Amino acid sequence: MSFRKRNIGLSTGGDRAAPVSAAAQPQQLASAASAPESTPGVRPSPDDGRPTTSTGTPSLDNILAGHGGLPIGKTLLVEENGTTDFAGALLRYYAAEGVVQDHRVHVVGMPEQWGRSLPGLIGPADAVDDKQDKRKGERMKIAWRYERLGEFGAGIAGSRVPTATPGEQAQPTAEGSPDKRPAFCHAFDLTKRLTHPSIANLNYIPLAPSNEPLLTTVHKKLDAAITSSPSSTVHRIVIPSLLNPTIYPPESCQPDSVLPFLHSLRALLNRPGVRATAMITIPLSLFPRASGLVRWMELISDGVIELCPFPHSADALATSGAATSHEEPPQGMLKTHRLPVLHERGGGSDQKVGQDWAFTLSRRRFEIKPFSLPPAEGDKEGQDGAASGAMPKKADLEF
Amino acid sequence: MPTQPPLPPLLAPYVTALPTSSLTVLSTVLGAQGNWLTLRYLYAALNASTASDATFSLSGDNNNNDGKKQKVVLVSFLRGWEFWRSEAKRLGLDLARLTDKRQFAFIDGLSELFSSPRTTPTTETAHPPLPSQPALRGGPIPQRTVLPTRSAPGPIPARGPQPTTPRPVAAVPPPSAPPAPREVGGPVTRLHWSSKGAAALDSLEKDIAAVVAQLKAAATAEDASEVLLLLDQPDLLLAATGPSKDVGATEMSEWVMGLQQYVDATVMTLAADLPLIHNASAAGHQMATPLETEHAAFAIGSAHRAHMVMQLRDLDTGAARDVSGVLRVSKGGAWGQSDNVDTNGGREEREVLYFVQRDGGVSVFGRGE
């Protein structure tokens, strides 16, 4: 297979120093002409074959309407209630994934410290899941294309782990894996710092006041940066905490400022030849969903998810919310209001639509899983019965 | 669930044979987008054999059947050409080819509405070379196609908010000549928000009217010159500009009314989300922002002028696997104003469920069916 060779070529660099990543550019360009899917971090959607890229969070990729990632050219709006910063964690994963995949990451309105605090790389996302490794041996082999459909990330063990990273766990699994295709999604550790040669390539777009409207300037800079780069480059636009008054001046919160900006951003992403995705977060406590402005921002975005962290008073619920004792308790609810592609077509046919999702942020991952209410707190007997799992004793049944 | 024809029987009376000079409002919400229904209007108008019966042919090729054939102008403010082209393809409509045949025109209100074109030269060849046979049929619109523009006097609009002179977007070439190079995937006119308020709306109207005129002029003897105008979310204009730019509900309504004059029937998609409609009412617990007030006024005003209102909404009982949403068809304020009683035939108020399948097919069915 031709693309396998290419990937070996890409990852042979023992230490991926800056020149290597620079040299990778023309190589990508050459390969993009023949097979666009072979760009690192981009794969065809299992649903309809459109190119998608990972959000850096496997379980978030998983709920995006069966595409297994964020389709290229789409924006994802992440809304968060309260004062927590779970959405910020999602953004960091998204940016870190872009760095690792040599995508061009544009960060709007954040200082360079933001980029330095990206979470450290552990390895390909699936390698971290040891369950998957165990199952790998016994699973029946089916065509590799369909293999990935069932469970996200299964079967794509990657070799493309930059060796510059101190990823101890990643190395053995990568060597042991039979296929050498690059990983689509990686796992990151929030307590570590990402060290990767291409982290210097982060493009920071400061919100410097100028004589034209602020968001106009931002759009122009984004446009210029994307236009000037080779067409094979995959871009990621990261806009943390849009409209947050500590970052954005009040006048940019006016509908006639922010909505044209989002519209132009959408136009930019939809432009033929541009391969980019965007993730935007917005604090819902300041801009409630019940307001017309936020609704219009949602209408312009392709995907909208809302994070509702549990308040502290709900800690009791949270601890008991875990189905089993070794599962981590959920930290909040996640609602999907709109999913890319699916809703634009008319929506509704996704298998997972309408589920209640809970999320858990731990050191290693941001996990989204179906939310299930625990057994009632007072119902001791019910819980015990469920725990023992035994049939009622014969004596109990006799009259 | 049995597969239904591209135009489900329950839906057919509502999307075909729209009364002359009527306005149909299609209201959507965040979770229930109306693109599939817009595509059905497109299909009904462009696929001539679908006039009044429910026997539809799947292929988009038999456009030469008898039946009322319409031309369609689609103005989209939130979605690009690529989206409409690929979605129409699922219905068997080849928009690029129909564009060539001058039956369809797409007006792009997304790409450059609020951002200036990246290339500044405006003095380009007024008449680009005639298109050769479609080498790039259906291909994406190239990055920056040179649109045949008049040499625009005055400065180029730097960006939306700044007052600049309106730039003529698409010149009107002689009707006999194709208006744009073949590679653009049709004469894609890109709209620009140029200056302030009424002037900007006027220039948009002029651009759209020019395209309509081109289509009409291209009508030959055997084919009707009725034009259906599909406006996809023009309310974006209102939301993104607002009263501070001298655009309000009144101006928007007048704009739509002005556009209606050029065409035979108009279908308009509007967002009717709860915050956009109800925040403006006095019952709201908070102060309504101008955005909400104007939007509500525009949407409600349009519904009053409409012949029919097609409302899409989420299922009230939450999401389901085999139902995408609810379609409520109700009479608009202008119902029954047309002299011909027959034009209302087969259309009655009803509420049905719809389901959009993965392959783009739609089934429309009553509750419990």
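The model is predicted, so local features need pLDDT of at least 70 and side-chain atom pairs count only at pLDDT 80 or more, while totals for chains, interfaces and linings use all residues. Residues are numbered from 1 along each chain as its sequence is written, and chains are lettered from A and ligands numbered from 1 in the order in which they are written.

**View 1. An open sheet of 3 strands in chain A.** The strands follow the order β1-β2-β3, with antiparallel pairing. Strands here are DSSP runs (E, at least two residues), numbered from the N terminus, and two of them pair if DSSP finds at least two bridges between them. At the edges are β1 (42-44) and β3 (70-71) of chain A, each pairing on one side only. Strand β2 (residues 51-53) of chain A meets β3(A) over 2 antiparallel bridges. Look for A:T53, whose bridge partner in β3(A) is A:L70.

**View 2. The buried strand β4 (residues 75-80) of chain A.** Because 6 of its 6 residues are buried, β4 is largely enclosed by the rest of the structure. Buried means that 20 or more other C-beta atoms lie within 10 Å of the residue's own, with C-beta atoms placed from the backbone. A:T75, A:L77 and A:E79 point one way from β4(A), and A:L76, A:V78 and A:E80 point the other way.

**View 3. The parallel partners of β4(A).** Strand β10 (residues 275-283) of chain A runs parallel to β4(A) and is joined to it by 6 bridges. Here A:L77 has A:I280 of β10(A) as its bridge partner. Strand β11 (residues 303-309) of chain A also pairs with β4(A) in the parallel sense, over 5 bridges. In that pairing, A:V78 stands opposite A:I305 of β11(A).

Notes
Helices (H or I, at least four residues) and strands (E, at least two) are DSSP runs, numbered from the N terminus. A residue is buried if 20 or more other C-beta atoms lie within 10 Å of its own, exposed if 12 or fewer, and partly exposed in between; C-beta atoms are placed from the backbone.
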